[in-house]
Amino acid sequence: MPHVVVVGGGLTGLAVAYRLRAAAPHVGVTVLEPRLRPGGNVGTEDHDGFRIELGPNGFLDRTPHLPRLCRDLGLTDRLVAASEAARKNRYLFLDGRLRRMPRGLLGLLASPLLSARGKWKLFTEPFRKANPPGGDETVADFVTRRAGKEAADLFADALVTGVQAGDPHQLSVAGAFPRLPAMERDAGSLFRGFWRAGKGRTGPMRMWSFREGLRVLVGSLADALGPAVRTGVTVRAVYPSAGVGGWTVRGDGRDSWAADAVVLAAPAYEQAAIVAALDAPLADDLAAIPYNRVAVVALGYREADCPVKPDGFGYIAPQRTRRDVLGVQWCSSIYPDRAPAGCVLWRALCGGVNRADVFDLSDGELVGVPLKGLDEL
C-alpha cells in the first residue's frame, strides 16, 4: 500500500492529507505535527467568557477553496460571516488619529487621505499603459508605477502591513499579490481588473469564521483523519531509503516512518533543517527566506470602561509609521460570541518587519505595548 508522510499538521498539512485521502483512498497518509495539538498557528482558546483566536481571525471567500473545504467537511451551517460594520468600517492610524478607509470611487474622491495630485494619479491609472519592467517588481514599485507614490505610501503599505506585517519595498508583488500583475496583464489596468472581478461575483467578498472559532476547521480536519495525525512529533531529517526506493522520515530517537512520498508543509526554516543532509543548496535557499514575527495580545474590557464603542473591523498603522502595534482588531464587533455580555474583545498585533524586537519582550512587558498605544487613541 503506497504511503505518504505529511510533515506539518497546520491547516495546509491537514488539508493536503484530507484531499489526498479523498482522491486516493488506497494511499496511506500520516501527518506529523511537533505541537501537542493539530492546527499550527490556527487555534482558538476560551478565557473567562472571551473567545480568542491565536492566529488568523477568519478567512476570505475570494477564492472557492476554503468554502468548498468547509462544505465537504459538513461545516457550512456552522459558518458565521463578519458583521456588515466590519466589512464597511476599517481605519488607518495616521498623524495621531484614526482615519476611516475610503470605500468605492466616491469615497476615494472625498477622502482627505490623498492630495488632489494623489487622487489624479490614482484615477488616471486606467489610462496608463501597462509597461512592466523586465525583472521582478516590489509591491511599492508596482503600485507607484500604476497609481502614484501617494497611493503606494498609503494603501500598499497598509495592505502589506495587514496581510504580511512586511515591507512593501521588499516584497515581490508577483509573489505576495499575484492577482495585481495578472490584472495589469489581462485587463490592462487595476481598475478594470477589479471591476471585472466584481462582475463575476454574486455578492460582496466576505470574511468568515465559526461561532466557536477557527478551531472548528482544523479540529474537523484532524477528526476526519483520525489516528493518521500524530502530534508531539518533531521531524529531524528526510533521506532516501536504502536499496528499496522511497524515503525515510526520521524523528527523535529511533522514531522513523517509511514513505513513498513526503510533503513538507512546515515553515521554510524548519524545512531547511530537515533537508540539510539531503540537499545542502536547497536547504540554504529555504533558510534564506525571511519570516516576520507578530505577537497577538488579546485584551478584554468592560464596555462601560471604553470611552467609545468600536463599530467596525479595526485599524492598521502602516509600517512606515514605525509603531510597535501594527493594528488592532475589534473582535467582538466582527463576530458574535467573542466576549461576555457587557464586554468587548480586542486583539492587538505587535511586531512586524520594523519592530521585530517587540516579539522578544516578556508577556508582562508585551501587554504594556498596546495599552500605551490605545491610550494615545
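**Close-up views of a predicted model**

**View 1. The second largest pocket draws the largest share of its lining, three residues, from α15.** Helices here are DSSP runs of H or I with at least four residues and strands are E runs of at least two, both numbered from the N terminus. This is a predicted model, in which local features need pLDDT of at least 70 and side-chain atom pairs count only at pLDDT 80 or more, while totals for chains, interfaces and linings use all residues. Residues are numbered from 1 along each chain as its sequence is written, and side-chain values use heavy atoms, with hydrogens and water left out. The second largest pocket has a volume of about 480 Å³. Among its 18 lining residues, Pro 307, Val 308, Trp 346, Leu 374 and Leu 377 are the closest to its centre. The lining holds 14 nonpolar residues, four charged ones and no polar ones. (A pocket is an open set of points on a 1 Å grid over the protein atoms alone, where a 1.4 Å probe fits, with protein on both sides within 12 Å along at least five of seven lines; lining residues have an atom within 4 Å of a point. Points are joined across faces, edges and corners, and the volume is the space filled by probe spheres set on them. Ala, Val, Leu, Ile, Met, Phe, Trp, Tyr, Cys and Pro count as nonpolar, Asp, Glu, Lys and Arg as charged, and the others, Gly among them, as polar.)

**View 2. Leu 366 is found in helix α15 (residues 363-376).** With 9% relative accessibility, Leu 366 counts as buried (under 20% relative accessible area; exposed is over 50% and partly exposed in between, with a 1.4 Å probe and protein chains only). Leaving aside neighbours within four places in sequence, Leu 366 is in contact with Ala 295, Val 297, Cys 350, Val 358 and Leu 361, where contact means heavy atoms within 4.5 Å. From C-alpha to C-alpha, Leu 366 and Val 296 are 9.5 Å apart in space, and they are 70 residues apart in sequence.

**View 3. Phe 93 and Tyr 315 form a tilted aromatic pair, with 6.0 Å centre to centre and 45° between the planes.** Phe 93 lies in strand β7 (residues 90-94) and Tyr 315 in strand β16 (residues 314-316), so this pair ties together parts that are 222 residues apart in sequence. Phe 93 is buried at 5% relative accessibility, and Tyr 315 is buried at 6%. (Rings of Phe, Tyr and Trp, the latter by its six-membered ring, pair if their centres lie within 6.5 Å; planes under 30 degrees apart count as stacked, over 60 as edge-to-face and the rest as tilted.)

**View 4. Tyr 269 and Tyr 291 form an edge-to-face pair, 4.9 Å centre to centre with 80° between the planes.** Tyr 269 belongs to helix α12 (residues 268-275) and Tyr 291 to the loop between α13 (280-287) and β15 (294-302), so the pair ties together parts that are 22 residues apart in sequence. Tyr 269 is partly exposed, at 48%, and Tyr 291 is partly exposed, at 44%.

**View 5. Helix α7 (residues 149-164) has buried residues that include Ala 151, Leu 154, Asp 157 and Val 160.** The cover over the buried residues of α7 includes β7, α5 (116-123), α6 (139-147), β16 and β17 (325-329). Just after α7, look for Ala 165, which takes a positive phi of about 55°.
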